[in-house]
Amino acid sequence: MIKKCFYILLTVCMLNACGSCGNRGSSSDLEVPDTLMYSDAIIPDDEISGFIDNMSSPVEMAALIKSLDVKFSNKYLASTDNVEDFSTEYQQALNLGIYGLDLGYLNMYNKTNAVLDYISAIKTLADGINVGQFFDFATLRRLSQNDQNLDSLMYISVHSFNQMDRYLRKNKRSNLSVLMITGVWIEGNYLVTQVYKEVPHPELKEKIGEQKIVLDKLMLFLEVFKNDKQLQAIANDLKPLKEQYKDITITIQKGEPQAIEKDGTLVFIQNDVSIVNITDEQVKSIIAKTEEVRNKLISK
Amino acid sequence: MRQLIKTLFSTLLLVGLTSPLFSQDNMELVGQCAASAGNVTYLKDFPVKLDAGTPGGKPPSAKFSLLLSKNTNYRFTICSAPDSEGEAMLQLFEMNNLIGSTYNSTTGKDYPSFDFKCQVTGVYHIFISFKDGKAGDAVGILSFIERL
């Protein structure tokens, strides 16, 4: 009986392992991540339950820039040349977010010829923090070879990032999830501020000012990991940038919401008006500080 | 031998929980639901699995917080799993105010999705629950439609 049970278990184990070996690094699957080895980096679930999704969306940031008819430029992108130099989990997670934003920007402008470099870099970093199994590199590479596949490319890219993020949070590696979000945010802010330097559109100025809301939330998340020295180092890098936002105010005038049914679709319209009060001087300081922080983070 | 079986059970549990196959059904539902949202760009998915509520009690719900941006048109879509006992609904709140829902309690009509024209950047909350407090399995999808 025991012998029979042993063989059944062995077979199930082997089947399960084979089922997942198609897109996972077989030797690294059961490695214990660095972060699990430091007890003060493990955050209880209740402390991270206040996570906010969609904190910084590559799709939305790139869509804003494209909607203003701003031409694509690869000078805004972080170079993938040094991806192998990011050797710690912290660097890998942070730069995963940075490249994630850049990938969203490339996808939005349908620059499929450059996408391959970024998906390769993302795969390298994702493998580094043992979440590469959620990044469907083979499919993305195939899709990137034809510019008719943009919708699928966008869906798989965004979905892969969501899965990596969720897996990290569920497995008590939320510090790496916060780093990924930080990377996406800083690169998004860098992109919008750099574009504003050349195209000073009021919508971009407003977007820059609104980042006060996101940065405040981000700093709260980073503060949760107060015993994690490396996360605190990044929080310290961001503090001077937060300082630049302190006098920016956002006022909201409440309006009456509307609900209509249009062509069978239910539409809710928010009629509030928000006004971002930000001066040209404040924008200038934010642009300079964002550039400084972002360039420091990608060179670490 | 018993020790060996114990070790194998532990390994099986570990491999099972970390395997991508663990959430295969969920991934399929996310893909189908995202596709059903129409000609929009997928941003986030919110998978939910809830037990039935207690008689007379408040129906169980799952809450998610998300950041939405000004001048953006979003679509929220809800899909119940084929084997879900309960039918899911998704509600959008700003602070404590209900500002969108896939279920119209006045008419009793259900919608697979609704659009939300956001005018204030900030944190919003979505609640996913099952009608009559039934148990169920569903996924909510947030998609980007366009800049306003």
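The model is predicted, so local features need pLDDT of at least 70 and side-chain atom pairs count only at pLDDT 80 or more, while totals for chains, interfaces and linings use all residues. Residues are numbered from 1 along each chain as its sequence is written, chains are lettered from A and ligands numbered from 1 in the order in which they are written, and side-chain values use heavy atoms, with hydrogens and water left out.

**The two chains**

- Chain A has 11 helices and 5 strands; helices (H or I, at least four residues) and strands (E, at least two) are DSSP runs, numbered from the N terminus.
- Of the 300 residues in chain A, 54% are buried, where buried means under 20% relative accessible area, exposed over 50%, and partly exposed in between (1.4 Å probe, protein chains only).
- Take the contacts (heavy atoms within 4.5 Å) in chain A between residues at least 6 apart in sequence: 75% of them join residues at least 24 apart.
- Chain B has 2 helices and 10 strands, and along the sequence the pattern runs α-α-β-β-β-β-β-β-β-β-β-β.
- In chain B, 55% of the 148 residues count as buried.
- For chain B contacts with a separation of 6 or more, 78% come from residues 24 or more positions apart.

**Helix H5 of chain A**

- H5(A) covers residues 112-128, which is 17 residues, and reaches 25 Å from its first C-alpha to its last, close to the 24 Å expected at 1.5 Å a residue; the expected span is 1.5 Å times one less than the number of residues.
- Its buried residues include A:Val115, A:Tyr118, A:Ile119, A:Ile122, A:Leu125 and A:Ala126.
- What do the buried residues of H5(A) pack against? Their partners are helix H4 (89-108), helix H6 (137-143) and H7, which belong to chain A.
- After H5(A) comes A:Asn130, with a positive phi near 60°.

- H7(A) has 21 residues and reaches 30 Å from first C-alpha to last, close to the 30 Å expected at 1.5 Å a residue.
- This helix is mostly covered, with 15 of its 21 residues buried.
- A:Lys172 follows H7(A), and its phi is positive, near 55°.
- A:Ser157 sits in H7, residues 150-170, and is buried with a relative accessible area of 5%.
- Setting aside neighbours within four places in sequence, A:Ser157 is in contact with A:Leu103, A:Asn107 and A:Leu140.
- With A:Asn107 there's also a side-chain to side-chain polar contact from A:Ser157 at 3.5 Å. A polar contact is a pair of N or O atoms within 3.5 Å; within protein, one must be able to donate a hydrogen and the other to accept it, and residues adjacent in sequence count only if both atoms are side-chain atoms.

- How many disulfides does a search of the whole structure find? There is 1 over all chains, taking a disulfide as a pair of cysteine sulfur atoms within 2.5 Å.
- That disulfide joins B:Cys33 to B:Cys79, S to S 2.1 Å, and links distant parts of the chain: B:Cys33 is in helix H2 (residues 24-36) and B:Cys79 in strand E3 (residues 72-80), 46 residues apart.
- The B:Cys33–B:Cys79 link is right-handed, at 85° about the S-S bond, and both cysteines are buried.
- B:Cys118 is buried too, with a relative accessible area of 0%.
- B:Phe76 lies in strand E3 of chain B and is buried, with a relative accessible area of 0%.
- Not counting residues up to four places away in sequence, B:Phe76 touches a set that includes B:Leu66, B:Leu90, B:Pro112, B:Phe114, B:Phe116 and B:Ile141.

- A pocket, on a 1 Å grid over the protein atoms alone (1.4 Å probe), is an open set with protein on both sides within 12 Å along at least five of seven lines; lining residues have an atom within 4 Å of a point.
- Its lining has 23 residues, and A:Asp151, B:Asn39, B:Val40, B:Thr41 and B:Tyr42 lie nearest the centre.
- H7(A) gives the largest share of that lining, 6 residues.
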